[in-house]
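These are my notebook entries on a single protein chain. I record what I looked up, entry by entry.

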Amino acid sequence: MGQMEVVGIRVESPAAQPVLLLREVGGERYLAIWIGQNEAASIALHQKGIEPPRPLTHDLIVDLVETFGQKLEQVRIVDMREGTFYAEMVFADSVVVSARPSDAVAVAMRSGAEIHADEEVLAEAGLMIPDEDEVEGSGLKEDEVERFKEFLDQVSPDDFNMGEGNAGGD
């Protein structure tokens, strides 16, 4: 399994479909996962350090997990079938819960849990975007973002063989 980090969310026109971009830590592979509007907003707000006046669903999940004495150890993106990604949330004592990657990533970001992707998923769905010089203070690589934008301009959810009922993509 390769450890992943959240690069960010991009909203693609004309359908205004959000895409979650994950980057392999210490590698050049990326995963682009089409996600729902609510999950995208939750991830983006957390990335920007914005705390809503009341907890969002993912904040509530973290609070519930802590209240019940559990700890999210790791999120794993374990499969991709017909363009749909599948994830697992691994808790203390090896308790595993199936989840959509967008929800699992949003919870992992709030709880500090590591995000990993199965090697088979990276081999099948990983995108290669070489590293370039970092943009000062942004934490993102200018060329990486440009290449990703170019990729998104040329691809649609249909390119990932999404079946019916997969509107969220994950």
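**Entry 1: the sheet**

I began with strand 1 (residues 2–12) and strand 7 (residues 114–117), which run antiparallel and are joined by three bridges. Helices (H or I, at least four residues) and strands (E, at least two) are DSSP runs, numbered from the N terminus. Two strands count as paired if DSSP finds at least two bridges between them. Within this pair, I found Gly2 opposite Ala117 of strand 7.

I note that the model is predicted: local features need pLDDT of at least 70, side-chain atom pairs count only at pLDDT 80 or more, and totals for chains, interfaces and linings use all residues. Residues are numbered from 1 along each chain as its sequence is written, and side-chain values use heavy atoms, with hydrogens and water left out.

**Entry 2: the chain overall**

I counted five helices and eight strands. Along the sequence they follow the pattern β-β-β-α-α-β-β-β-α-β-α-β-α. Of the 170 residues, 41% are buried (buried is under 20% relative accessible area, exposed over 50%, partly exposed in between; 1.4 Å probe, protein chains only). The accessible surface comes to about 9300 Å², and carbon and sulfur atoms hold 47% of that; the areas come from the Shrake-Rupley method with a 1.4 Å probe, and for residues only the protein chains shown count as cover. Among contacts (heavy atoms within 4.5 Å) with a separation of 6 or more, 55% join residues 24 or more positions apart.

Which residues of helix 2 (residues 57–67) are buried? They include His58, Val62 and Val65. These residues lie on the same side of helix 2, because they cover an arc of only 65° around the axis, the arc being that of the directions from the helix axis to the C-beta atoms. Thr57 and Thr67, on the other side, are exposed. The cover over the buried residues includes helix 1, strand 4 (72–81), strand 5 and helix 3 (101–111). After helix 2 comes Gly69, with a positive phi near 75°.

**Entry 3: Glu119**

I placed Glu119 in helix 4 (residues 119–125). What does Glu119 contact, leaving aside neighbours within four places in sequence? The contacts are Met1 and Arg29. Met1 is 118 residues away along the chain, yet the two C-alpha atoms are separated by 5.2 Å. With Arg29, the side chains make a polar contact at 2.7 Å (a pair of N or O atoms within 3.5 Å; within protein, one must be able to donate a hydrogen and the other to accept it, and residues adjacent in sequence count only if both atoms are side-chain atoms). Glu119 is partly exposed, at 37% relative accessible area.

**Entry 4: the loop between strands 5 and 6**

I checked Asp93, located in the loop between strand 5 (84–91) and strand 6 (96–99). Asp93 is not a glycine, yet its phi is positive, about 65°. Ser94, in the loop between strand 5 and strand 6, is likewise not a glycine and has a positive phi of about 60°. Asp93 is exposed at 71% relative accessible area, and Ser94 is exposed at 60%.
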